[in-house]
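Visitor: I'm new to this one. Could you pick a single part and take me through it up close?

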Amino acid sequence: VVLLIVLTFVWPPDSPWSPWWRTNTKIAKRACRLANISKNDIVYELGSGDGEFTLIAAKQFKAKRTIGIEIDHSRFLFSQFKKLLSHVDNAEFKRDDFKRVKLSDATVVYFYLVPNVIKRIMPKLKKELKPGTRIVSYKYRLPQKELRKKGELFLYEI
């Protein structure tokens, strides 16, 4: 078990699965600013892990609604616990595979996913997201030209 946990921190970027690399508070705030999240936004975090980005977008940037999608049971439960402690009403977490969740109401989508997973979800994003929807990717580029780059954050628009 300990070995598996350690492996999630050194997972190869070309892996077909995403490891548990978390988005820290500093990066989450920078991503929210880059996406210009406001009270009118519906924000999705794909592979939300412990929910840091989802909770910051809801609480500090006052998004209308934030939805963190996480398939892993333990990460999902941990994010639920963090939500309880943070007293945020406009955030929710769903334990599901984000490839099956409808994203059509999103105005902002954030993720920290490895390149192989990004390639696999691009058709879904192009099909479901409305023009003007902002996408922020941490560390890894999408297969299209970004609007802005701030450090390791990349901003795109559908």
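Guide: Let's begin at Ser79, which is buried, with a relative accessible area of 0%. Keep in mind that this is a predicted model. Ser79 belongs to helix α4, which covers residues 73-86. Leaving aside residues up to four places away in sequence, Ser79 touches Gly49, Asp50, Gly51 and Phe93.

Burial is also a handy way to read another helix, α2, at residues 25-35. Its buried residues are Ile27, Ala28, Ala31, Cys32, Leu34 and Ala35. If you look down the axis of α2, these buried residues fall within an arc of 160 degrees, so they line one face of the helix. What does that buried side pack against? The partners are α3 (52-59), β4 (108-111), β5 (134-138), β6 (148-150) and β7 (153-157).

Now for the ends of α2. Just past the helix, Asn36 has a positive phi of about 55 degrees.

Stepping back, the protein chain has five helices and seven strands, and from the N terminus on they run α-α-β-α-β-α-β-β-α-β-β-β. Of its 158 residues, 49% count as buried. And among contacts between residues at least 6 apart in sequence, 63% join residues at least 24 apart.

Terms used
Residues numbered from 1 in each chain as written. Predicted model: local features only at pLDDT ≥ 70, side-chain atom pairs only at ≥ 80, totals over all residues. Heavy atoms only, no water. Helix = DSSP H or I, 4+ residues; strand = E, 2+ residues; numbered from the N terminus. Buried < 20%, exposed > 50% of the residue type's maximum accessible area, 1.4 Å probe, protein only. Contact = heavy atoms within 4.5 Å. Arc of directions from axis to C-beta.
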